[in-house]
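Here is a short briefing on one protein model. Look at the sequence and the 3D view before reading on.

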Amino acid sequence: MHQTHGFGYEEYKQKLDVRMQVEREREQDYKKSRQIVSELERNVFNRIGL
């Protein structure tokens with residue numbers, strides 16, 4: 001957690017604003033990953049002609 005978000009798990013547990021920041025970042029990462037998957041799927045289907 002420290003490498004990814006810049007603070008440790010204890011701080012994460014104790015501070016609501018820190019947890020909210022982490023969860024917002026996780027949500028953004030999830031949305032980005034879904035966009036990448038959709039784009040890859042679209043490219044694969046276009047290449048095979050579906």
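This is a predicted model: local features need pLDDT of at least 70, side-chain atom pairs count only at pLDDT 80 or more; totals for chains, interfaces and linings use all residues.

Residues are numbered from 1 along each chain as its sequence is written, and side-chain values use heavy atoms, with hydrogens and water left out.

**Fold and shape**
- The protein has three helices and zero strands (DSSP runs, numbered from the N terminus: H or I of at least four residues for helices, E of at least two for strands).
- Along the sequence the pattern reads α-α-α.
- The protein is more spread out than a compact globule, because its radius of gyration is 17 Å, well over the 10 Å that the globule rule gives for 50 residues.
- That radius is taken over C-alpha atoms, and the rule is 2.2 Å times the number of residues to the power 0.38.
- Along the principal axes, the C-alpha atoms fill a box of roughly 50 × 20 × 10 Å.

**Surface**
- Of the 50 residues, 10% count as buried (under 20% relative accessible area; exposed is over 50%, partly exposed in between; 1.4 Å probe, protein chains only).
- The accessible surface comes to about 4,600 Å², and carbon and sulfur atoms hold 50% of that surface.

**Around Val44**
- Val44 lies in helix H3, residues 16-48.
- Val44 is partly exposed, with a relative accessible area of 45%.

Methods. Accessible areas come from the Shrake-Rupley method with a 1.4 Å probe; for residues, only the protein chains shown count as cover.
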